[in-house]
Amino acid sequence: VSDRLKPLSQTVTCSRVCSPQASLKTWLPILVWLPRYRLSWLQMDLIAGITVGLTTVPQSLAYAEVVGLPPQYGLYSAFMGGFIYCMFGTSKDVVLGPTAIMSLLCAPHVGHHPGHAVLLTFLCGVIQVIMSVLRLGFLLDHISDSVIKGFTCAAAVTIVFGQLKNILGIGEVPQQFLLQLYYTFLKIPEASENFFSLKEQCQVVYPTSDCVSMFPLARSALVVVGATFLVYFAEVWGYKPFTMTGETSQGLPPVKPPPFSEKTPNGTVLSFSQTAQSLQGGLVIVPLMGLLESIAIAKAYASQNDYRIDTNQEIFAIGLTNILGSFVSSYPVTGSFGRSAVNSQTGVCTPAGGVVTGTIVLLSLAFFMPLFHYIPKASLAAVIICSVAPMADYRVFQDLWQNCSLDLLPFLVTFLISFWEVPYGIVGGVMVSGVINIYKYKKFSHRQVVTCSSLCNYTIYPFIHLGNLMEQFKVSALLKGTTTGGGI
């Protein structure tokens with residue numbers, strides 16, 4: 001383990017030990033690496049935090065569009081995770097904040113209503129913290145990798161098609177994917193009069209391609225800034241061909257508790273239970289999928305960079321972030337694939353890089369919100385499409401077929417049904433995956449005792465090990481000699 005990873009490689013223990021000091025360090029991992037913090041780490045954390053911050057601001061503004069909320073809610077959701085995860089997280093690479101997948105999952109339950117989004121955030125956080133306290137992280141291992149891949153691919157396709165209306169400049173497109181697909185192609189002729197604006201944007205951005213290639217990790221920020229200046233000067237010259245983000249609230253979000261009751265336009269007051277019922281299946285799907293996404297990222301980078309994480313502590317950090325985030329009008333957050341990759345690539349040493357990222361988001365809210373009015377929706381749509389397109393990887397089909405053809409079934413069930421309703425797709429995939437697991441287990445359990453001539457009987461013990469979100473079936477044999485017949 002390199003020097004910059006040693007502080008985090010020791011943040012996690014296999015169990016809660018009896019020593020009060022050790023137990024406190026387990027609950028607060030910052031107490032392990034902060035006393036050993038070095039000046040050289042600060043330099044790397046600053047570089048990583050600034051780079052991730054330049055990526056976070058435009059992506060957060062764009063993801064709010066996916067949820068159906070005003071753009072400032074994306075930034076409201078982007079800063080709390082950096083501060084909370086710095087104290088309670090066990091991975092140096094994970095970046096918490098709004099993501100494309102969480103935005104897609106929240107959209108049908110929020111219904112363009114900020115109050116519902118904030119309440120959903122609070123309840124998701126409570127559920128996640130309870131799971132952490134009860135140490136239920138092992139339940140996440142029972143959702144197979146094929147289900148996650150199927151949902152991820154379907155989410156990427158859904159999000160990309162959902163942003164075509166902003167690229168083409170067409171409106172009044174339904175949210176449901178199949179209807180969205182139909183009406184998008186139906187209204188393509190309406191895009192002809194808006195196409196020249198897209199062409200002009202491309203002509204302006206194209207000369208700056210050398211600049212973008214010089215700063216690939218901040219390309220989202222460069223594209224959005226360039227498009228914003230283009231729209232601003234067009235407005236000054238009285239030329240208004242672009243659809244802009246619109247008015248945004250200036251300043252930091254107010255600190256207030258989430259709305260536990262709601263007053264309708266006709267004066268009726270809805271109780272907490274009535275408001276919670278309107279969230280429906282979101283109280284199950286959103287917190288679970290949020291945990292899956294973040295923990296999968298944490299495990300991947302822990303394995304790559306040779307340190308350990310505590311799954312239950314990760315769940316606690318995400319849950320606490322959502323609970324406290326609901327007091328600053330956040331919608332549910334989780335770990336981001338793209339921004340975590342940027343964080344790792346820029347050489348972050350500790351979770352302190354998240355504090356730098358959170359500070360950049362707060363500065364953007366405090367001083368730059370009036371400029372966000374001029375951001376064209378087409379540029380934010382382009383940021384979203386470029387962020388999620390790699391998730392729809394066609395090679396998944398080939399990999400599943402080569403490794404285990406049976407896993408294609410839950411993948412296809414999840415993938416196809418998710419175009420109708422995402423929760424149904426996930427539930428259907430989990431059920432099919434469970435049936436396949438039972439079939440595989442029974443197939444292994446019928447193995448017979450192995451007899452080797454005059455030697456004793458040697459028994460092959462089957463068991464199922466579900467780890468790293470992937471089904472792995474292993475066979476353990478107690479062998480003292482060479483076995484013949486009855487083997488696997």
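A residue is called buried when its relative accessible area is under 20%, exposed when that area is over 50%, and partly exposed in between. In this predicted model, Asp145 has a relative accessible area of 14% and is therefore buried. Its salt-bridge partner Lys149, at 26%, is partly exposed.

**Overall architecture**

The protein chain comprises 23 helices and eight strands. Of its 488 residues, 51% count as buried. Among contacts with a separation of 6 or more, 79% are made by residues 24 or more positions apart. The chain exposes about 23,000 Å², and carbon and sulfur atoms supply 65% of that area.

**Salt bridges**

Side chains of opposite charge can pair when their charged atoms come close. The model contains two salt bridges. In one, Asp145 pairs with Lys149, with 3.1 Å between the closest N and O atoms. Both residues belong to helix H9 (residues 145-168), where they stand four residues apart, about one turn of the helix. The other joins Asp93 to Lys92, and here the closest N and O atoms are 2.9 Å apart. Asp93 and Lys92 are both buried.

Most of H8 is covered, since 15 of its 20 residues are buried. Just after the helix, Arg135 adopts a positive phi of about 55°.

Thr56 is located in helix H4 (residues 39-67). With a relative accessible area of 2%, Thr56 is buried. Leaving aside residues up to four places away in sequence, Thr56 touches Ala78, Arg339, Thr357 and Val361.

**Aromatic pairs and cluster**

The structure holds 20 aromatic pairs. One of them is formed by Phe177 and Phe419, which are stacked, with 4.7 Å from centre to centre and 25° between the planes. This pair links distant parts of the chain, 242 residues apart: Phe177 is in helix H10 (residues 177-186), whereas Phe419 is in the loop between helix H22 (408-418) and helix H23 (422-445). Both Phe177 and Phe419 are buried. The pair of Tyr232 and Phe233 has ring centres 5.6 Å apart and planes at 70°, so it is edge-to-face.

A single aromatic cluster is formed by Phe161, Phe177, Phe185, Phe397, Phe411, Phe415 and Phe419.

**A nonpolar surface patch**

Val225, Phe229, Tyr232, Phe233, Val236, Trp237 and Tyr239 make a nonpolar surface patch of about 770 Å². Val225 is found in helix H13 (residues 219-236). The table gives the accessibility of some members of the patch.

| Residue | Relative accessible area | Class |
|---|---|---|
| Val225 | 44% | partly exposed |
| Tyr232 | 35% | partly exposed |
| Phe233 | 40% | partly exposed |

Note on methods: Residues are numbered from 1 along each chain as its sequence is written. This is a predicted model: local features need pLDDT of at least 70, side-chain atom pairs count only at pLDDT 80 or more; totals for chains, interfaces and linings use all residues. Side-chain values use heavy atoms; hydrogens and water are left out. Buried means under 20% relative accessible area, exposed over 50%, partly exposed in between (1.4 Å probe, protein chains only). Helices (H or I, at least four residues) and strands (E, at least two) are DSSP runs, numbered from the N terminus. Rings of Phe, Tyr and Trp (its six-membered ring) pair if their centres lie within 6.5 Å; planes under 30 degrees apart count as stacked, over 60 as edge-to-face and the rest as tilted. Contact means heavy atoms within 4.5 Å. Accessible areas come from the Shrake-Rupley method with a 1.4 Å probe; for residues, only the protein chains shown count as cover. Patches are made of residues with over 30% relative accessible area and no salt bridge: like charges are joined within 9 Å, nonpolar side chains (Val, Leu, Ile, Met, Phe, Trp, Tyr) within 5 Å. A salt bridge is a side-chain nitrogen of Lys or Arg within 4 Å of a carboxyl oxygen of Asp or Glu.
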